[in-house]
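Before reading on, please take a moment to look over the sequence and the model, and think about where a small molecule might be held.

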Amino acid sequence: MKQARSDQRLTDGLQTVMNNFFEQAMCQALGDRISCEIFRVSQIAMMLVDRRMSIVAVNPAFTRTTGYDFYEVMGENPRKLSSGIHDRLFYETLWQSLLDQGSWSGEIWNRRKNGEIYPEHLRIDAIRNAQGEVTHYVGMFTDITNEKGMQKRLQNLAFHDTLTGLPNRAYLKQRVNELLGEVNSGSALLFVDIDNFKRVNDELGHSFGDEILRIVANRLQAAVRQSDVVCRLGGDEFVIVLPDLTDVARTEAIAGKILTQLQSPITSGDHEIGLTASIGISFYPKDGEDFESLFQYADVALYDAKGMGKNGYSLYRREMSTTFRNRLALEKDLRLAIEGGLIDVFYQPKLNLVRGRVSGFEALARWHHPEHGWIGPNVFIPIAEDAGMIDSLAEHVIRRAVRQVRDWSLQARFPYEVAVNISSKQFRTGGVVHLMQDIVNVEGFPPEQVEIEVTESQLMENSRQSQTIIEALKSLGMHIAIDDFGTGYSSLGYLKQFHVDRLKIDKVFVQDIGTPGNDEELCDVILSIGNTLGIKVTAEGVEKREQFDFFSQRRCDELQGYYIARPLPWDQFGPDGSFNTGVQQ
Ligand code: C2E
Ligand code: CA
Ligand code: CA
C-alpha cells in the first residue's frame, strides 16, 4: 500500500517535470512569452502542428478535452485523434480548403484517449513565415458534446452504420426486444447474406464493394414497408424484422421479392454484376422469444439456405439445429485432424496404356474419425473450404503424397507421376503456387512428374485469376488435367486457352459402357477432342472388363478405376510402388 502510494507520487512528480519541460519546448515553438501565456490559459483546446504534420505543442485545454498529455502526443500525427467516422472525401475537402484558403472550420468527430468518440467544433489555420511559406498549422477546438440536440445525434451515431446509414446491431437488439413486447401477433426475422460478396470485394475493389452495400441497403428498404426494420450487422450481413407478421406465405413472398430486387444488375464503370443472396428466416414466438434466439435460429436457417445452393431462403426448422451442431462439431474435429497431421492419403494407380505399365498415382485424401470411422473427401473437403482450412489440408496431402511417390520412384528407378486434386478456393489466394514452388525447390520433386487436377467449373468460376495461377503452375513445368470432364462447362475454348495437358473422362460416362443405351459415343467424342487438340485422355472409374477393353482398343492414354486398383493406403504398396490388387497388368 505504502509502496503503491510512493510510486504514484513518483509518477506524478515525473509528469510535472515532463510537462514543465514540454511547456518550455512549447514556448520555444510559439516564439514569444505573451502568445505562450495565452496558449496556456485559453479555455479553447489548441494544438500546434509543424509542416511535416507532427504535433509540436498542445495546451492544457487540449489535455482536458482529449485526455492526452503533451508528452503523449508530441511528434505524433494528429491522425492519432481521429475517430474513423469520416471518410477520405471529408479529409480531402478539409485539406483542399487549407491549401486554397489557408483555413478550414467545421464540425468533426474525434476520439478521446479513453476511446470515447465526441464532436468538436474545429478551426485550423495555416501559419506562414515572412516569405509566405507555411511553417505550422494551428488547430483550435471546443468539445460540443453538451450542445443542444447533440445527445440525440450521439445516440444516432452509436445506433447507425456509417456506410449505409442503416441502423446497426446495437439498435436492432434494443428495438427488436421492444417490438416483441408491443406486437399483438407474431413477427418474422430475416437474416440476409449476399452470396460470394468476398469475391466481388477482392476482384472489383473495396470502394465498389462499399457502393454495392449502399445499393443493397436501398433495395432492401425499398422491398419492405416503412414500419419494418432493416439493419446492417456488418460486412455483407443484413437483418430485416417484419413486425406483426405470422403468415408464412406472406413472409416467403417478401423473401422472394427481396431476392428478385437484389438481382437487377449493378453497373460501375466497365463492370456489371448481378447479386444473389441467401436468407434465413425465424418466427416469433414459434422459434424464439427474444432477439438473441430469433437471430441464432435465423442464422441456422441461413446456413441451410447456403447449403441448398444459395440464391434462396430457408425457414428455420428444429432438425436444422442438429445438423448445424453436427457440422460445427465436425468442423472442430477436422481442424484438429489437419493440425495434428491426421489426414491420410490413399493412392490410386493410373495405368498408362501407351507405356504398358502403372506410371503414376492419384493422391486422394481420407480422414479416419475416432467416432465416425472413415470419412470421404466429398464430406470433409467442402467443410475445409468453408472454414478456410483448405490450404493447410492441401499442403499436408500434397507434401505427403510427393514424398511417398518420390520414395517409390527411387526404389523402382522409374519416374512415377503424382496427380493431386486442387480446390477452386485455392485459386483465390494463389497460395498453391508457393506450395508447388516449394515442392520443386525444397522437396526436390521433378515438376514434370506433377499433375494438377481441377474441374472445368472450378476453372471457369473465376477465369481471370485461374488463368494467372494455371500459367504460373505451368511455367514451373507442371501438368494440368481437367477432372470430371464432360460434366461441367460446355465451351471447349478454355482447353486451348489454359494449355490443358489431360482430360479425365468422368466416371459416369465410363460406367455406362457395356450396358444398353450406353455412353460409348460420348466417350468417343471426348477421345477425338483429345486427339485433335493433342491433349491426353484418361478414363476414370473403369470397373469392368468391357470398359477396360473399350478404352484399350481406342488407344486411350491412361486408365484408372477399381478394375485396375482401388485407392489404397501407402502400406498396401511395395517399396517400389507395386501392388497386388486389381487386374494383372
Ligand atoms: P475425383 O478427383 O474425381 O476422384 C475420383 C473418385 O472416384 C475418388 O473418390 C475415387 O475413390 C473414386 N473412384 C476411383 N475409381 C473408381 C471406380 O472404379 N468406381 C467408382 N465408383 N469410384 C471410383 P474419393 O476418393 O471419394 O474422392 C472424391 C473426390 O474428392 C475426388 O473426386 C476429388 O474431387 C476430391 N478429393 C479427394 N482428395 C482431395 C484432396 O486432397 N483435395 C481436394 N481438393 N479434393 C480432393
Ligand atoms: Ca481427381
Ligand atoms: Ca474425377
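How many Å separate an oxygen atom of ligand 1 from an N or O atom in the side chain of lysine 507? In this predicted model, the distance from the oxygen atom of ligand 1 to the N or O atom in the side chain of lysine 507 is 2.9 Å. Two further contacts of ligand 1 are listed with it below.

| Residue | Part of the residue | Distance to an oxygen atom of ligand 1 |
|---|---|---|
| arginine 366 | N or O atom in the side chain | 2.8 Å |
| lysine 507 | N or O atom in the side chain | 2.9 Å |
| tyrosine 562 | backbone N or O atom | 2.8 Å |

On its own, ligand 1 has 800 Å² of accessible area, and the protein covers 85% of it. The space that ligand 1 takes is the second largest pocket, which has a volume of about 1000 Å³ and a lining of 37 residues, with Glu362, Leu364, Pro377, Asn378 and Asn421 nearest its centre.

There are 23 residues around ligand 1, and those that come nearest are Gln348, Arg366, Asp483, Glu543 and Tyr562. By class, this shell consists of nine nonpolar, seven polar and seven charged residues, and β14 gives the largest share of it, four residues.

The largest pocket has a volume of about 1400 Å³, and among its 41 lining residues Lys306, Lys310, Glu385, Asp386 and Lys425 lie nearest the centre. Its lining divides into 13 nonpolar, eight polar and 20 charged residues, while the lining of the second largest pocket has 16 nonpolar, eleven polar and ten charged residues.

Methods. Residues numbered from 1 in each chain as written. Chains lettered and ligands numbered in written order. Predicted model: local features only at pLDDT ≥ 70, side-chain atom pairs only at ≥ 80, totals over all residues. Heavy atoms only, no water. 1 Å grid on protein atoms, 1.4 Å probe; cavity = no way out; pocket = protein on both sides within 12 Å on 5 of 7 lines; lining within 4 Å. Points joined across faces, edges and corners; volume = space filled by probe spheres on them. Nonpolar A, V, L, I, M, F, W, Y, C, P; charged D, E, K, R; others polar. Near = heavy atom within 4 Å. Polar contact = N/O pair within 3.5 Å; in protein donor to acceptor, adjacent residues only side chain to side chain. Areas by Shrake-Rupley, 256 points an atom, 1.4 Å probe, with all protein chains shown as cover. Sits in = over half its atoms within 2 Å of the grid points. Helix = DSSP H or I, 4+ residues; strand = E, 2+ residues; numbered from the N terminus.
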